[in-house]
Amino acid sequence: MTIDRCYCYEQTFAALKAVAEDTGADSIGELQAHITFGENCQLCHPYARRMLETGQTVFHEVIEEDGDAD
């Protein structure tokens with residue numbers, strides 16, 4: 001399994017990472033101020049958080065919500 005995007009909005013984590021780097025966004029909320037993603041099912045939020053923390057943009061495991069909502 002490869003997870004590389006917010007499927008509701010078809011935004012790749014690579015694209016989200018580029019926006020985060022360009023804007024200095026370091027949370028889901030800050031990133032959503034610049035690009036639309038993660039507003040429907042929100043299943044991408046744990047992946048987007050990991051992307052913001054580590055820079056990883058492709059995932060091969062299921063990441064469960066950690067409870068730290070932005």
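**Terms and values**

Author: The chain has 3 helices and 2 strands, where helices (H or I, at least four residues) and strands (E, at least two) are DSSP runs, numbered from the N terminus. Along the sequence these elements follow the pattern β-β-α-α-α. This is a predicted model, in which local features need pLDDT of at least 70 and side-chain atom pairs count only at pLDDT 80 or more, while totals for chains, interfaces and linings use all residues. Residues are numbered from 1 along each chain as its sequence is written, and side-chain values use heavy atoms, with hydrogens and water left out.

Reader: How do you know that the radius of gyration of the chain agrees with that of a compact globule?

Author: The radius is taken over C-alpha atoms, and the globule rule is 2.2 Å times the number of residues to the power 0.38. With 70 residues the rule gives a value near 11 Å, and the chain has 11 Å, so the two agree. The C-alpha atoms fill a box of roughly 30 × 20 × 20 Å, taken along the principal axes.

Reader: Why is L31 called buried?

Author: Buried means under 20% relative accessible area, exposed over 50%, and partly exposed in between (1.4 Å probe, protein chains only). L31 has a relative accessible area of 0% and is therefore buried. This residue is found in helix α2. Leaving aside neighbours within four places in sequence, L31 is in contact (heavy atoms within 4.5 Å) with L16, V19, A20, A25, F37, M51 and L52. The C-alpha atoms of L31 and A20, which are 11 residues apart along the chain, are separated by 6.2 Å. For the chain as a whole, buried residues make up 33% of the 70 residues.

Reader: What makes the buried residues of α1 line one face of the helix?

Author: In α1, which spans residues 13-23, the residues F13, L16, V19 and A20 are buried. Seen down the helix axis, these buried residues fall within an arc of 120°, so they line one face of α1; the arc is that of the directions from the helix axis to the C-beta atoms. The face turned away from the buried side carries the exposed residues E21 and D22. The cover over the buried residues of α1 includes β1 (5-6), β2 (11-12), α2 (28-32) and α3 (45-54).

Reader: Which residues of α3 are buried, and what covers them?

Author: The buried residues of α3 are H45, P46, Y47, A48, R49 and M51, and their cover includes α1 and α2. Just after α3, G55 takes a positive phi of about 90°, and just after α1, G24 takes a positive phi of about 80°.

Reader: Why are E10 and Q42 called partly exposed?

Author: E10 has a relative accessible area of 47%, which places this residue between the two cut-offs and therefore makes it partly exposed. Q42, with 40%, is partly exposed because its value also lies between them. E10 has a positive phi of about 55° although it is not a glycine, and lies in the loop between β1 and β2. Q42 has a positive phi of about 65°, again without being a glycine, and is found in the loop between α2 and α3.
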